[in-house]
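Here is a short briefing on a structure. Please look it over before reading the points below.

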Amino acid sequence: MSRKVGAVLVVVGLLLRVSSLWAHHGNAPFDMTHTVRMQGTVTDFQWINPHALIHADLKGENGKVANWALELGSLGMLSRFGWSRNTVKRGDRVTAEGFRAKDGSPYMCLVSIDLPNGQSMRGSP
Amino acid sequence: MLTFCRWLEQTSVGAGVRESLWLFPTIETMHLLGMAALVGTTAVFDFRLLGWAMRRERVSELAGRLLPWSWAGFAVQAVTGALLFTSEAVKAYTNPAFRVKMLLIFLAGVHALIFHWTVYRDVATWDDSGVLPTGAKVAGFVSILLWVGIVAAGRFIGFV
């Protein structure tokens, strides 16, 4: 019995050490002190629970292009902001502004996005 | 298994849950209520085994009154959990927290069976006592640990 308890504790302990970015978390993974702003081209738009996602090739300050994941709010919130599953599509030239991941990966919590039609959309609450 | 997960995601049920505005949070709400029923009643029984609560209640009587609610909660969890799984089957299947959660649920089931077949068999001899034999206490403690682990692992699916 006590060996089983020990095994469970070890597994839970290991679990707590695992850290990478995955959906449906709070704002802790993001550097909320300032936003970054980048231009580029949308490669994919996923209208999914619990958070919608845009993937885009964005040009960073160093001039290098990387494929970023832009995390948005929930589908209900986005609908209230005026979004639909067709708001963004592959190939759109956009300017994204958001809080980037603290771990330096190409991942951000999208605050707003400027669309090709000149409209600026809110990305998260 | 991965092939099955990919297929499951593409079914109309998977896509419907994944792309719905209000269905997803509604299922999540039911999953929380089911958790309250299942983990709540389980914890009350475990507390009785440990002698922390309801010491004047007969153990067998308490089991008889709580168990239907535990099973009802489990049924809600199985259905709502399966629906949530269909919406992101591949992501869930490859998520370490999800795997730990499934493993712990399996262990909780095995643990309950072991308890039922061993310690609980001579419940008649300690049914009325406030302080129960060591085996019963250990079972109550292990069960609480397992269920706390299951809830924690479930919550961590979105964070690892």
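The points below cover chain B as a whole, then confidence and selected strands in chain A.

This is a predicted model. Chain B has seven helices and zero strands. Chain A is treated through its strand pairing, including an antiparallel pair made by strand 2 and strand 3 of chain A.

**Chain B: fold and dimensions**

- Read from the N terminus, the elements of chain B follow the order α-α-α-α-α-α-α.
- The C-alpha trace of chain B spans about 55 × 25 × 25 Å along its principal axes.
- Take the contacts in chain B between residues at least 6 apart in sequence: 79% of them join residues at least 24 apart.

**Chain B: surface and charge**

- Chain B has 160 residues, and 41% of them are buried.
- Chain B carries 13 positive and 10 negative charges.

**Chain A: confidence**

- Chain A has a mean pLDDT of 87. In chain A, 81% of the residues reach 70 or more.
- Residues 17-22 of chain A have pLDDT below 50. Even so, this stretch has 15 contacts in the model beyond near neighbours in sequence.

**Chain A: the hairpin**

- Strand 2 of chain A covers residues 53-59, and strand 3 of chain A covers residues 65-71. Seven bridges join these two strands in the antiparallel sense.
- Within the pairing, Asp57(A) stands opposite Asn67(A) of strand 3 of chain A.
- Strand 2 and strand 3 of chain A form a hairpin, with five residues between them. In the turn, Gly63(A) has a positive phi of about 85 degrees.

**Chain A: the parallel pair**

- Strand 3 of chain A also pairs with strand 5 of chain A, residues 107-114. These two strands run parallel and share three bridges.
- Glu71(A) stands opposite Cys109(A), which belongs to strand 5 of chain A.

**Chain A: a loop residue**

- Where does Ala101(A) lie? Ala101(A) is in the loop between strand 4 (93-100) and strand 5 of chain A.
- Is Ala101(A) buried or exposed? Ala101(A) counts as buried because its relative accessibility is 4%, and the cut-off for buried is under 20%.
- Ala101(A) and Ile113(A) are twelve residues apart along the chain. Their C-alpha atoms are separated by 17 Å.

Notes
Residues numbered from 1 in each chain as written. Chains lettered and ligands numbered in written order. Predicted model: local features only at pLDDT ≥ 70, side-chain atom pairs only at ≥ 80, totals over all residues. Heavy atoms only, no water. Helix = DSSP H or I, 4+ residues; strand = E, 2+ residues; numbered from the N terminus. Buried < 20%, exposed > 50% of the residue type's maximum accessible area, 1.4 Å probe, protein only. Contact = heavy atoms within 4.5 Å. Lys, Arg positive; Asp, Glu negative; His and termini not counted. Charge placed at Lys NZ, Arg CZ, Asp CG, Glu CD. pLDDT = per-residue confidence, 0-100. Pairing = 2+ DSSP bridges.
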